[in-house]
Amino acid sequence: MVRAIIIAALATASTVFASSATTCSLTQKCPSDTPCCSQYGECGVGAYCLGGCDPRMSFGLDSCVAAPVCESKTYNFNNLDRVMSNTKYLGDSSKTDWVADGNPQLYNNNLLLTMAPDSVGTLLASSTYMWYGNVKATFKTSRGQGVVTAFILLSDVKDEIDYEFVGADLETAQTNYYFQGIPQYTHGANISLSDTFNNYHTYEIDWTPDQITWKVDSQEGRTLKRADTWNASTNQWMYPQTPARVQLSLWPGGLASNGQGTIDWAGGLVDWNAADIKNNGYYYATFQSVTVDCFNATSAPGTNDETSYTYNSLAGTNDTVVDGKNSTIIKSLIGTGTDPDAGAASGSSSSSSSSATATVETVPGRSGGNTGSDNHDDSSSSSTASSASTATISSDTSASTSTGSSNGQFSQGGGSSSSSSSSSKSGADKLGATQEKVLKGSVFAVIIAVVAMMAL
Ligand SMILES: *[C@@H]1O[C@H](CO)[C@@H](O)[C@H](O)[C@H]1NC(C)=O
Ligand SMILES: *[C@@H]1O[C@H](CO)[C@@H](O)[C@H](O)[C@H]1NC(C)=O
Ligand SMILES: *[C@@H]1O[C@H](CO)[C@@H](O)[C@H](O)[C@H]1NC(C)=O
Ligand SMILES: *[C@@H]1O[C@H](CO)[C@@H](O)[C@H](O)[C@H]1NC(C)=O
Ligand SMILES: *[C@@H]1O[C@H](CO)[C@@H](O)[C@H](O)[C@H]1NC(C)=O
């Protein structure tokens, strides 16, 4: 007989989880019970161990789950069938192309990244990783001061190649790159172009072991040679060199809780009463397509012969990446790299019995919404409360199945909303989106995690 216990960490619009997650860094690794260090520097299990999990800051090199290798493919957005919430994704890249945090919408065969009042916007990350190669995205940016649209490559050790657009300047594509997220104030360069809100442009990143070329509408806008990135004090190329996810995002650089440098860079505080909010209920950026062309090197670096990428050293350089066969999948949102079957539905759980009940973070929440390295001169960047999904694990049940959000396909990924408003008209209505199965971010400010435990 099946006993179903549903333990729901119910969130209402008036409740905000201040994340209780332990923070992590190069000098402070995660503890063994929450071994995975997320992209945002907090420890947890489940989604914390998937995309963005930094092996250098995690409990062990094997805490993070292996990353799915590159797949050459053109992604269109005629529907959102291949977009999955990060509260549901368990690492199987054959099941989805994009992992979403926030509120993606469909509009005229395009993907809208939306940012409703008091939200931290929307982030889509590819389920597979590129280890060099070419990626191009055709899109229109959002607009308005403080509103940032981004198309970037970001690796788990925080190598990064960026296009960023601040909504206060619609005639500039800002390009940047980072090696292992190390702040550099000299790496940015701008490309001028026509109105990025009203015009589609195709933004391309052509990335090889020896150079990166940023091209807009097939025209070279900037080239960086690895040869010019040597750091004589560390004896390293400060050059992006590790497998990276494609990330598309819309986020509020102009949030009062962000560092002043970020606010200034973004052009000031976001105006939550702007015309786009009044007319649609949110800011939006419009993505038409993304094309990934893998590098296909015949020997490392840059191969995609096997199924997954892992690291064999804390150095996190190109020569420490292993293109191998490790599984990329966890069985539930309490799984980790070393315990991928935790919470499995069929009684084979390795979390052995004890009557203790523990609460662990399972889905990282963004604070402030910056999706890449924060290089905007915030000397005293304040960290705001981020919301995160939490699973309550009663380890005397022998098995559990995490089902993620129960209230719709997506839930709002974070934000500091304390007051809710359901009055803002759905942008989907006004923009004619055909899908309505998406939560209104302003109503559900917090991710809802439900762990359904089914025990015999
Ligand atoms: C990959 O799998 C091998 C063999 O099971 C294991 O020894 C190694 O720790 C795994 N690597 C990572 C980074 O998980
Ligand atoms: C790029 O343009 C922005 C304005 O949109 C400006 O603030 C920034 O300083 C420029 N960066 C470079 C490297 O010229
Ligand atoms: C890979 O890393 C090694 C060690 O840091 C370095 O010598 C080599 O130049 C790197 N190659 C590339 C293509 O970045
Ligand atoms: C060299 O690396 C160090 C340590 O990461 C960094 O602080 C410094 O800015 C780098 N220097 C150059 C010229 O990139
Ligand atoms: C890599 O291989 C895939 C699959 O064969 C192919 O579609 C893609 O064009 C190749 N990429 C390059 C850069 O040759």
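I count Ala, Val, Leu, Ile, Met, Phe, Trp, Tyr, Cys and Pro as nonpolar, Asp, Glu, Lys and Arg as charged, and the others, Gly among them, as polar. I note at the outset that the model is predicted.

**Entry 2, ligand 2.** I then listed the residues around ligand 2, which are V166, D169, T172, Q174, G188, A189 and N190. Two elements, β14 (172-178) and β15 (189-192), each give two or more residues to this shell. I recorded two nonpolar, four polar and one charged residue around ligand 2.

Around ligand 3 I found P209, Q236, W237, Y239, Q241, P301, T317, N318 and D319. The shell of ligand 3 divides into four nonpolar, four polar and one charged residue.

I turned next to an open sheet of three strands, whose order is β4-β23-β24 and whose pairing is antiparallel. Which strands stand at the edges? They are β4 (67-68) and β24 (321-324); each has a single partner strand, so one side of each is left without a neighbour in the sheet. I followed the pairing of β23 (residues 308-311) with β24, which is antiparallel and runs over four bridges. Within this pair, I located Y311 opposite V321 of β24.

Notes
Residues numbered from 1 in each chain as written. Chains lettered and ligands numbered in written order. Predicted model: local features only at pLDDT ≥ 70, side-chain atom pairs only at ≥ 80, totals over all residues. Pairing = 2+ DSSP bridges. Near = placed C-beta within 6 Å.
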